[in-house]
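Hi there,

Here is the structure I promised to pass on to you. Have a look at it first, and then read my notes below.

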Amino acid sequence: MILTNDPTRLALTAVCLAGYGLVCLLPWLRLRRARAAAQAARAGGGANAWIVAYASQTGNAEQLARQTSETLRVAGVANRICEFDELEQADLRSTERILFLTSTYGEGDAPDAAASFAQRLMTRTGLELQHLHYAVLALGDSAYASFCGFGRALDAWLHGQGAQPLFARVEVDRSNADSIAHWRRQLSHLVGTSDAPDWSAPAFADWRLAARRLLNPGSAGAPLYHLELEPAAGALPAWQSGDLVQVAAPGDAERPREYSIASVPQDGRVHLLVRLHRQADGSHGLASGWLTQDVPAGGAVQLRLRQHRRFRLEDNAERPLILIGNGSGIAGLRGHLRARVQARQACNWLLFGERNAAHDSHYAAELAALEAAGMLTLDLAFSRDAGGRVYVQDLLLRQADNLRAWVDEGAAIYVCGSLEGMAAGVDQALQQIFTSTTMMEMARTGRYRRDVY
Ligand SMILES: Cc1cc2nc3c(=O)[nH]c(=O)nc-3n(C[C@H](O)[C@H](O)[C@H](O)COP(=O)(O)OP(=O)(O)OC[C@H]3O[C@@H](n4cnc5c(N)ncnc54)[C@H](O)[C@@H]3O)c2cc1C
Ligand SMILES: Cc1cc2nc3c(=O)[nH]c(=O)nc-3n(C[C@H](O)[C@H](O)[C@H](O)COP(=O)(O)O)c2cc1C
């Protein structure tokens, strides 16, 4: 060791040591403060309660938010769970601890449940949130150019308003279990608990492919198959129209594929519509290729049901329904129609787009029967038929007056199908017909719901 009496060097060393000490101390100080806050929330609840805010399109962030909230509750920390869109500026001003859990959609965009939050609050600056301590769990998929784009933008915005991170943003690539475990550990550390509830995702179960048929022979589009599945053993589990399944494709259990359920439990089977996906080189998509070409009749499929609360009927069960979609999106809409038949709710309007009437009129007989029974108003747009390209968004504009009348009567709007091409066009048409403020409000109150992918 070289000893020195040089005062400049000594001063520099002291500054360095002090700096290092501070760096080491800061996380400890933060943790102490957070634990003190947890203590306060334990003692008082009310004004000291933490907020667990989530924005989720297909339920991942929501499920993790519920587990986060439960972990806090088990540790005795009072907390309120809510969607981003329920948050007001006053909440940010009056709350000291908020945990934000969000996914990213579109290309780096907020999920629908955070669209109003992003517009109302994240466009503001100078909010002076120095009192607010927060953490961000950002869900995403690194296959997208803007990985965790919305979670990152949220983190940067909060930081820009002076809010203090409790710990560094946790990013989760395709539901990666290690990253989720990291968030859970940070949380347990923060609230000082070691007995957090089990967070493992429900296991996949063995199902059996009971039936499969091609719906669109001769179509200009990719083949679309109707599949029926039943549990390999035991009773059919419960689900609601709007829910999804996840399928574990062989060799890629890490990245389960989602499919909208096209049936209700009364049908006795889970019905899916699977479009055979083709890669740029012509090879088949892994899951859709396997499900539509390789699994033999009676063959085993690893599957689990997922609640998709954002697309369920819930409070809208008594309202008139406007169902809008294209292509395989008929799956989620058919699920709702079958639920409406069970509930004897006759006020349903389906506006649906595909390519050719001759090849792509999925479930034509079934829909015609509903129409004949007075349970369905049906409007179809075929983009490749003679008479010009008509898309489902064109139908909406043509029917603007009727749509306004339905919405005045209290109707809810459900959109299912492709994000590219359809969802943005439909959203634009709806904003044109109803104004963007009305659509934002309808989304916030759950009367405008989307399952788009
Ligand atoms: C909420 C939701 C509901 C859905 N509902 C339906 C439905 O009802 N019917 C339906 O047909 N589809 C539905 N989908 C789409 C479905 O989940 C699959 O994405 C689709 O079947 C293609 O999967 P695949 O395995 O066949 O293709 P993949 O093999 O996954 O290929 C699809 C694309 O992903 C890319 N890719 C492949 N492997 C990787 C990898 N390891 N990492 C990153 N990128 C990769 C490929 O380049 C390709 O462009 C839904 C999706 C969501 C999110
Ligand atoms: C249509 C679509 C678009 C997506 N866009 C992005 C994106 O731009 N960036 C990203 O990181 N992840 C993106 N994702 C991945 C989701 O964020 C990821 O699957 C997440 O786990 C979904 O969580 P949720 O169920 O809470 O919505 C996208 C997923 C879908 C289906």
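First, a definition: on a 1 Å grid over the protein atoms alone, a pocket is an open set of points where a 1.4 Å probe fits, with protein on both sides within 12 Å along at least five of seven lines, and its lining residues have an atom within 4 Å of a point. Grid points are joined across faces, edges and corners, and a volume is the space filled by probe spheres set on them.

This is a predicted model, where local features need pLDDT of at least 70 and side-chain atom pairs pLDDT 80 or more, while totals for chains, interfaces and linings use all residues. Residues count from 1 along each chain as its sequence is written, chains are lettered from A and ligands numbered from 1 in written order, and side-chain values use heavy atoms, without hydrogens and water.

The second largest pocket has a volume of about 520 Å³. Its lining has 20 residues, and Ala110, Asp112, Ala115, Asp427 and Arg450 are the closest to its centre. Helix H13 gives the most to this lining, with 5 residues (helices are DSSP runs of H or I, at least four residues, numbered from the N terminus).

Now for ligand 2. It is surrounded by 21 residues, each with a heavy atom within 4 Å. Oxygen atoms of ligand 2 make polar contacts (N or O pairs within 3.5 Å): one is 2.6 Å from a side-chain N or O atom of Ser56, and one is 2.8 Å from a polar backbone atom of Thr104.

Happy exploring!

Conventions
A polar contact is a pair of N or O atoms within 3.5 Å; within protein, one must be able to donate a hydrogen and the other to accept it, and residues adjacent in sequence count only if both atoms are side-chain atoms. Helices (H or I, at least four residues) and strands (E, at least two) are DSSP runs, numbered from the N terminus.
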